[in-house]
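Got the viewer open and the cartoon drawn?

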Amino acid sequence: MNKFSIILPVRNGGEYVKECVEAILTQSYPEFNLLVLDNCSTDGSLEWMKTLASDRITIFPSQHSLTIEENWSRIVTVPRNEFMTMIGHDDLLHKNYLHEMNELIVKHPSATLYQAHYKFIDAAGKTIR
């Protein structure tokens, strides 16, 4: 059974979503699945995700165009694992993100929210701060 669900709301993620999904699928901690909440993408993002051969990915396409808030709110309607994280399609996870989250959970089992440090990067991946 998977411990983590990574939830990816997306609409027209373009090339960014490809990098995002690659960073998710290459996590060093293996107990996770990826739940994609596609919001009527028209740029080929949905079609590209459907070509990925991974049983970790489940795509939940919307039947009509939603606001960003409506798409995000679908999180409560999809089956999730014990722990979850939400990521934007233009964000990247470090390779050991889930491993570090798991260590925090083991160290602080009674906590209800875990937060990691982050870097702001530009479109080329250069650290801004």
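This is a predicted model: local features need pLDDT of at least 70, side-chain atom pairs count only at pLDDT 80 or more; totals for chains, interfaces and linings use all residues.

Residues are numbered from 1 along each chain as its sequence is written, and side-chain values use heavy atoms, with hydrogens and water left out.

**Stop 1: strand β1**

Select residues 4-10, which make up β1. Strands (E, at least two residues) and helices (H or I, at least four) are DSSP runs, numbered from the N terminus. Seven of the seven residues here are buried, so the rest of the structure largely encloses the strand. Buried means under 20% relative accessible area, exposed over 50%, and partly exposed in between, with a 1.4 Å probe and protein chains only. Now show side chains: Phe 4, Ile 6, Leu 8 and Val 10 lie on one side, Ser 5, Ile 7 and Pro 9 on the other, and both faces are covered.

**Stop 2**

Strands count as paired if DSSP finds at least two bridges between them. For one of these contacts, pick Val 10 and its bridge partner Asp 38.

**Stop 3: the crossover**

Bring in α1, residues 14-25; together with β1 and β2 this helix makes a right-handed β-α-β unit. To check the hand, look with the strands pointing away from you: the path from the first strand over the helix to the second runs clockwise in a right-handed crossover.

On the way, stop at Asn 12 in the loop between β1 and α1. Its phi is near 55°, a positive value in a residue other than glycine. Most residues other than glycine have a negative phi. Asn 12 is partly exposed, at 30% relative accessible area.

**Stop 4: the cysteines**

How many disulfides does the structure hold? Zero, taking a disulfide as a pair of cysteine sulfur atoms within 2.5 Å. Select Cys 20: the nearest cysteine sulfur belongs to Cys 40, 19 Å away. Cys 20 is buried at 0% relative accessibility, whereas Cys 40 is partly exposed at 23%.

Finish on Cys 40, in the loop between β2 and α2 (45-50). Its phi is near 55°, again a positive value in a residue other than glycine.
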